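Take a look at the model below. We will walk through it step by step, starting from the inside.

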Amino acid sequence: MDMTITDLCTGCHACHSVCPNKAIYKRVDEEEGPLFAIHSKRCNGCVGLYDDKQCASICPVEEAILFQGKPLNPKGSLAPIASLRPFFDSLRAQHAMGE
């Protein structure tokens, strides 16, 4: 699987803890690059196990995990307002219906 962890990784260990295939490992040389890496032969992107890639679903850092060179959590996707959007949409819908 073509997944990588970028230098934006803070080393929080969240992805390491949730990987069902034990594909995420702590790098030995922590001075260069991210603290963690993804073993390409072990990682299958959680196919057949979960609907979403577990590492990206728990990662608190935008653009820290890439799939085929593209961030799984792009800039703005983890912003608090983005997570509240469904709530505000439901409020608008209720208001429009006069509830």
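Two cavities of 30 Å³ or more are counted in this predicted model. The largest cavity has a volume of about 90 Å³. Its lining is made up of 13 residues. Those nearest the centre of this cavity are Cys-19, Ile-24, Cys-43, Cys-46 and Cys-55. How can such spaces be found? Rolling a probe the size of a water molecule over the atoms shows where empty space is left.

Stay with one of these lining residues, Cys-46. Cys-46 sits in the loop that links strand S3 (36-38) to helix H2 (54-58). Is Cys-46 buried or exposed? Cys-46 is buried, because its relative accessibility is 7% and the cut-off for burial is under 20%. What does Cys-46 touch, beyond its neighbours within four places in sequence? Its contacts there are Pro-20, Asp-52, Lys-53 and Gln-54. Cys-19 also belongs in this picture. In sequence, 27 residues separate Cys-19 from Cys-46. In space, their C-alpha atoms are 8.2 Å apart.

Now step back to the whole chain. It holds three helices and five strands. Read from the N terminus, the order is β-α-β-β-α-β-β-α. The chain has 99 residues, and 28% of them are buried. Take the contacts with a separation of 6 or more: 48% of these join residues 24 or more positions apart.

The chain exposes about 6800 Å². Carbon and sulfur atoms supply 54% of that area. Phe-87, Phe-88 and Leu-91 make a nonpolar surface patch of about 260 Å². One of them, Phe-88, belongs to helix H3 (residues 80-96). Phe-88 has a relative accessible area of 31%, so it counts as partly exposed.

Finally, turn to the backbone. Most residues other than glycine have a negative phi. Which residues have a positive phi here without being glycine? His-13 is one of them, with phi near 75 degrees. His-13 lies in the loop between strand S1 (3-5) and helix H1 (14-18). Its relative accessible area is 33%, so His-13 is partly exposed. Gln-68 is another non-glycine residue with a positive phi, of about 50 degrees. Gln-68 is placed in the loop between strand S4 (65-67) and strand S5 (70-71). Gln-68 counts as exposed because its relative accessibility is 53%, and the cut-off for exposed is over 50%.

Key: Residues numbered from 1 in each chain as written. Predicted model: local features only at pLDDT ≥ 70, side-chain atom pairs only at ≥ 80, totals over all residues. Heavy atoms only, no water. Helix = DSSP H or I, 4+ residues; strand = E, 2+ residues; numbered from the N terminus. Buried < 20%, exposed > 50% of the residue type's maximum accessible area, 1.4 Å probe, protein only. Contact = heavy atoms within 4.5 Å. Patch = residues over 30% accessible without salt bridge, like charges linked within 9 Å, V, L, I, M, F, W, Y side chains within 5 Å. Areas by Shrake-Rupley, 256 points an atom, 1.4 Å probe, with all protein chains shown as cover. Salt bridge = Lys/Arg side-chain N within 4 Å of Asp/Glu carboxyl O. 1 Å grid on protein atoms, 1.4 Å probe; cavity = no way out; pocket = protein on both sides within 12 Å on 5 of 7 lines; lining within 4 Å. Points joined across faces, edges and corners; volume = space filled by probe spheres on them.
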